[in-house]
Each structure stands twice: as C-alpha cells, then as structure tokens.
Protein chains: 2
Amino acid sequence: MLDAMRSLLGLENVLTGDDAVPWGRDATGKYVGTPRAVLRPFDTAQVSAILAAANDSGTGIVPVSGNTGLNGGAFAEDQIVVSLDRMRKVRDIRPETRLAVVEAGVILSDLHEAAHAEGLSFPMTFGARGSARIGGILATNAGGSNVLRYGNTRDLVLGIEAVMADGRVMNLLTELHKNNTGYDLRHLLIGAEGTLGIITAAVVKLVPRPRAYATATIATGSLADALTLLNRLREASSGAVEAFEYMPDSYISGHLDAIPGAREPFSERHPVTLLTELGATSPKEAEPGPDGEIPLVATLEATLAEAMEDGLVRDATIARSESQRTEMWARREAAAEIAFHKRPFVDTDIALPLDRLQAFFDEVRARLARLDAGATDLAVAHLGDGNIHYTVYPTTDDAALLGQVRDIIDTTSVELGGTFSAEHGIGISKLGPMSRFKDPVALSAMQAIKRALDPKGILNPGKTLPAES
Amino acid sequence: MLDAMRSLLGLENVLTGDDAVPWGRDATGKYVGTPRAVLRPFDTAQVSAILAAANDSGTGIVPVSGNTGLNGGAFAEDQIVVSLDRMRKVRDIRPETRLAVVEAGVILSDLHEAAHAEGLSFPMTFGARGSARIGGILATNAGGSNVLRYGNTRDLVLGIEAVMADGRVMNLLTELHKNNTGYDLRHLLIGAEGTLGIITAAVVKLVPRPRAYATATIATGSLADALTLLNRLREASSGAVEAFEYMPDSYISGHLDAIPGAREPFSERHPVTLLTELGATSPKEAEPGPDGEIPLVATLEATLAEAMEDGLVRDATIARSESQRTEMWARREAAAEIAFHKRPFVDTDIALPLDRLQAFFDEVRARLARLDAGATDLAVAHLGDGNIHYTVYPTTDDAALLGQVRDIIDTTSVELGGTFSAEHGIGISKLGPMSRFKDPVALSAMQAIKRALDPKGILNPGKTLPAES
C-alpha cells in the first residue's frame, strides 16, 4: 500500500522509520507507539483515496490532527497514521451569516485570529489552542472554559464533510440552522474519535467578539452558595457569564507552593474561591458611562454587593485592569503545574449534576480515607458545567492502589449521576470505565453502528468502544 | 399478539375498529389510515414489552404522541399504533439546575406551565403547543419561532430514555452538560421519527422566563437590509432577539383579504414587513427606568432610530401595550388561514442560507413563471433561521402541475445551499426529495444504521428513509 501512497501523495508525504517517530508520541507522553507509516494528505480527495486503499487491504488507520489528546485516542502501534496537519485551509468566512468553513488541520488559534479579523469569535478555547486542530476538536467534542455560555464543540458546528471507511466522501457541509433531513450524522461523527469516519472539514458558527470583560475573584462559604451566585449572575447579566471556575482551599495552597510569586487571593482563607468572567458583546454593556465604569462591570459589582448582604459571598475582588485580570486567570491556568507538582497522582476528568458536587466530594473523600488514609487531593472545576479535574495523591505509587483510587473516583461520580469522561473523550485510557459504567444497551447500539459503518474495522481500531464480550 | 397486549395493558388500552379510527387521521387530514390496533402503554416497561413482542412477531409499530405532524410520520395502515398519550408525567423539575425530566406524552403547553410555575421557561414553542407532545417534538426535532435565540429541540435536550427495536430500554437520562462517553445516541434518535427507537422520556433544559418583551413591526426596502438590521439588533441586545419574522407585501395583502378587521401595518406599503420580539431576562433590562421606559424597549427604539437614519429601516412601530403586541403577533400567526385561503396550493417547509433568500425568490419565481405564468405565491418566514413557509397557487389543480411546482421549489432551494425540509421532518411526504437531494453517502449510512438497530424493520416502517434501490 505504501508505494501506491507515495505516488498518490509524493515521497515527502509518506513518512516511515525515524521520520514517523514524532507521530508515535502524544502530548501526555503516556502513549508511545510505533506507526508503520505516516501519511500526510493535502486534500479530501487524497484522504478518500487513502481510506479506499486501506479498506481494500484491511489496514488499520489512525487519524491524527494536532495530537494534543489526553486519552491515547491517536495512539498508533503498527498502524498507519493519517495526519491532517496539511489540510489547514480556512475555505470561507462569512461575517454576515456568522460562519466559517474550515479544514480539519486548521489550528484552533489560527481560527480564532481569522474570526477576530472579522470582529467575530470562535468561542471554543482551552489551553492547547496553539497546537490543537479542528479535526481532533470535533473528534473529541472538546469542551473548554466557555462551554457555560457557548456550549461544547458540537453546539458550534452546522455541518461537516467526512470520509467514510470505504473512502466515500459524505458531504454534509450545510450552513442551515434548520435542516431536518434524516438521521443527524453530523452529531454521530462528532465525538466518535475517528472510529466512524474521518472529518475533513466543518462549517462552524462564529459569535460576536466580546468588547469588554467583567472579571472577579470571589470567596463563598460553600459550593451551594456558589451555585446560587452563578444563577444570580446569569440572570443579572442576561446569560453573559462565560466562565465560572472553582478553586478550593487546597488549590489555593497548592498554588502558593508550586508557583513562585503566587499571592493569596484574600486576606483570609475561605472554603471556596471562584473566578468568574462575563463578556460584554453589546456597545451598551461595554462602553464606559459618565462615571467611567463599564456597565457590565457595574452589573457584576451590584450583583456581588447584594450577594454579600445576603451572606452568599464572603469577599470579592473585581479586576480593575488587564494586569489584575491576567493575574486572576494565571491562578486558574496554573492548574496543570499545581496538580502535577507532587507525585504519584491520579488525575481524572469527571462531571456531575451541579447540585451534587458537594455530595461527590464528601463521599469520595470518605471512600479514599478508608482505602489510603494518607492520601490527599486537589480539585479545580469548570463549576458552571459541573466538570471537575480532580487529582488524588496516594501515599504509594503501587499500581493496584492507583487503579483502586481511579475506580473510587469514577464509581462515586457515576453513582451520583455523573460521568467518568466529561470533555477529554475515551480513547484507550477509559475503555475500562466504558465497559463498566456505560448503559449496556447504548454500548451494544454503538457496537452495531460501528460494524455497520466500518465493517472491516479499519478506522482507529481499538479506540472508544470496548471489545465486545 | 393483541391478546397478550390486552392482558399486559388492560382491555381499555387496546383499541381496535372504530375505537382506533381517531389514530388513523392526522392533523392535516392528508393522511388517513386504518391502524390494526392502538396500544396505550402507561409506562416505559409496557413500551418495552410491546416492542419485544412486536420484534418477535415482526409486527410493524407506529409510535404516536400528539399526532400533530404535517408529513405523515404517524400514518399507520394495518400496523399497530403505540400511542404515548398516557405517559404524561413530569417526573421531576429542578429549578436550581434548570432542567425538567418529562415523559413522551407530556403536552408542550403543560410543560410550559410547569416551567412557568418555577419562574422558568421551556423555550420551544409553536402553534400546535396545546396538543403536540414531547415524544413527537423530539422525534421530529421540532423548530418553531424561538429557534433564533434558543435553538432547535435537540439543543434543549440533555438526555433521553428510549426503547429500542428489541424492547431493551436505553437509559441516557443524564443531566450533564459535558459527557463524552462514546457515540451521541441522543442526537441520533432525536429527529429519527421513531424509526430507530421510541423515546419515552427526556431531560430538557429550562431557561429564565423573560420578564418583559420589546416587540415591533418594521418596514425595510429589501431582505438584505432586514438581515443587516437583524445583526444590529442581536448585537445591541446581546442576543436577546427571540423572533424575527418576515412578511412580504403579498402576505400583507393576503392578510387584509383573508382576515376580517385586519389592518395595514403602515400608512404606505413596503417590500418587506418584519415582526421582531426581544425578551428581557434580567431585571435591569425589564424594569422601567425613571422615564417609565423598559430598558430593552429603549434599546430596540435606539437601534431602529439609527437604522432609519442609515436608510436601513423605512418605518417602524413599537408595541406600547399588550394589545398592540397581540395585534402584531395575530398578523403573523394568521399565516395558515392566509396561505390556505385560496386553492389549489402547494405548501412547503424550506430553509436557505440567510444571505441567499432573495436569490431564492428571484430564481424560483422565474422558473415558476416559465411553468405556469398565472401562478401566484405567498411567503412567510422565520427569517432569522432562513426558514420559509412558501406557498404557491398554480392556475389549475392538475396533479402533475402541482408536483412540478413542488419540485421547482425544492430544487431551487437545494441548488442555493438550502433544504427541502427545515422543521417538519420527512415522514412519508418527503421521501421523494430525500432520494433525490440528500447526499447519497449519507443516505446509505442511514440505511446501514437502520438495519443495524432495527434489523426486522418494525419501527415506523416506510418512514424517513427511502426504500433502498
């Protein structure tokens, strides 16, 4: 097959041996494989030809775009990697209808810049935006820090173009906001991690770029008070809350330990520290009034003042300058450095119903104390989405213990109506919890769909779906 | 099978003969069938037992809830109707987390009332809200008049419970806003018109109920000016535009002809008449200021004034009382009486990219003139969604002519990047356009999924998907 690929793609776009090594190593370093080869198609027709050939020969294909996933979704051992990094055209931007047509290899931050040039924004964003690409973002239905206002990736996609297992190109590149014509195959492929087809392009929604932000660090006595405050802020601002991030006492301590120059957010410690940011999209909300204050900032201030009178809020600081805003975000965005500052650790990506977060912490800590009394933990959360990045530090790095810790976290989350996989997907690292916790009827439906659309099983083999028992 | 059903459901819930007749007739009266029987299960377990028995015996099942569909999706001829009208429990409402768990038989207006009692709203709404039920609304991914702000039905659903073809119950009743655990079967079943499973319950999002409305009737010189105005209104109001409805000159004339007491919207006629409504969800937007004016109304007024100075808007009237608002909506909601006032007619449910609406009207009228020079037309549109209900009045009721007219409308829409089915679904009336216009790769993927999930083809046979060639 590789000779055919060399004539199709050109010698320089069929990589083997040492040239293929970079594609064998993912962002986490946890998954290191040896791809048989890496193919770098330039357009959809080449992806189509690749899959037709792979399907004929029953060759396993692993689609990769930015390779920034955290669960081994792009792991390839003796399989052929199809890298979409050369398909990076923004095919079209239509400011009047607020959409863009982008190829799978477009880097997220490049799409941000292209939208900003039109005074618009593509609101999906997260730490890896400088290297993550649209293909992987769609394949994992990525979340991030603006989901509260703008939704997950799938909520920002109007249409897709995808190459199916047999190489046929499915053109669903619609711009329509209403289009009920059979099963929604767009949503089926988004989040399927390349196991049902390779998404080569998408029509994505753009939104008005906020003209100003209202940002604050807030202390409350409990998660329940924080949730009540979130609802008040959303109502007072007509839904302008873009981020509502939770940092417990242990996170503040971890920040001071791990980050040189880190400062206490408040003169005294509080159980709950929050970072919230509201985005002003209308001139009326963004333009300073006679008193020089931005109206949306005044709304935030008034809502916090009322919440303090009601005893909901214990303390609060509103960012009065871009440097204050930057310091507030730096505290939140240091999460990885803080969480991985100590070893051994077990890190997770769970989500719970908003009103069961405290019950989760109470229950999981009781269970962990019985397993490993000396274990400590660290949490940081996209609180508005119920999405917690919860890290536990066991007293030993015994593999069995680490597994038991992970199991307690996943089990407790699921028992409380939560999930073991919120925004990072399944890949290979979460196949175990998929078998144990996912509704068995749903699992068998997924297996049936996989067999129907990829009968030879060539698309990202071994990912997303557990082997059938 | 019916005897087993009588002992399962009770005699009174297995209807045959004359008792079954009401279920054979749909809201349009276009589709009249003779169900072999009507089964009225009370809960999910009974639906499960029904499908298990039907699958064993290979009996075709037609799921029905409110039976208000327009495309024959609930048509049953010698098949067994499963009516979900007895499954009308609102299982749970959680105001703090803004969601409701509702069964498939809940009437839309009942859910509206249940949400209002909590100061919240379920924003999906349309004319048939007093009889349409959740099951059918999910099965067709219904649209309606608030899609501009709140999205289609699927955008309001967090989780579903469904009974699959073999009777197994798939429990995806999650409340989570982030949950990436395999293929999104929720979105696959929503809009599948009961051909892949019967949705028995759903977790739906609730939103803050608007505290006040800003409503206006507006005249512009062109659709292009109307679209520019829409973007200005959305930006000025931070996305508070809930409705943006288009009524051309011919619609205004039709209104005066068909509706006693109807009045001209303006002293002179304009090419484009618009009805827009903004919803104020925050007290700050809704509470009258010192001048007694509602802030969101002031925003609407200021935006319209600026647009008039710029020549975008030719005239405008803002509703100053509930009775004025009611008169404005009455003009728009008389669409059915106006459109079906003359016969013969061909009515359609198309959608186009927002910036191609005028091109559609120009092209379709040129083609219709060549076919039937005397034909006239009437349009009314959810302009913000690009969704046009376009009715043509041919000069004769010759069946071939009516078919050619429909074909010209569908073809012109598709050629301009639009759809032949925006918000009413496929059912049986749009199987023809599905075969002709839907991407063939997508069609064969849908067929493969149908075979995989309903191998005996018992679920709503003959609907949604054209017979395979």
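Colleague: How much space lies in the largest cavity?

Modeller: A cavity is a set of points, on a 1 Å grid over the protein atoms alone, where a 1.4 Å probe fits but cannot get out, and lining residues have an atom within 4 Å of a point; grid points are joined across faces, edges and corners, and the volume is the space filled by probe spheres set on the points. Here the largest cavity holds about 160 Å³ of space, and among its 25 lining residues the closest to its centre are A:S238, A:E285, B:S237, B:S238 and B:E285. This is a predicted model, in which local features need pLDDT of at least 70 and side-chain atom pairs count only at pLDDT 80 or more, while totals for chains, interfaces and linings use all residues. Residues are numbered from 1 along each chain as its sequence is written, chains are lettered from A and ligands numbered from 1 in the order in which they are written, and side-chain values use heavy atoms, with hydrogens and water left out.

Colleague: What is the volume of the second largest cavity?

Modeller: The second largest cavity has about 70 Å³, and its lining draws on both chains, including A:H177 and B:D385.

Colleague: How many salt bridges are there between chain A and chain B?

Modeller: A salt bridge is a side-chain nitrogen of Lys or Arg within 4 Å of a carboxyl oxygen of Asp or Glu. Between chain A and chain B the count is 13, and one salt bridge joins B:R94 to A:D355 at 2.5 Å, N to O.

Colleague: How many residues does each chain bring to the contact?

Modeller: With contact taken as heavy atoms within 4.5 Å, chain A gives 82 residues and chain B gives 82 residues.

Conventions
On a 1 Å grid over the protein atoms alone, a cavity is a set of points where a 1.4 Å probe fits but cannot get out, and a pocket is an open set with protein on both sides within 12 Å along at least five of seven lines; lining residues have an atom within 4 Å of a point.
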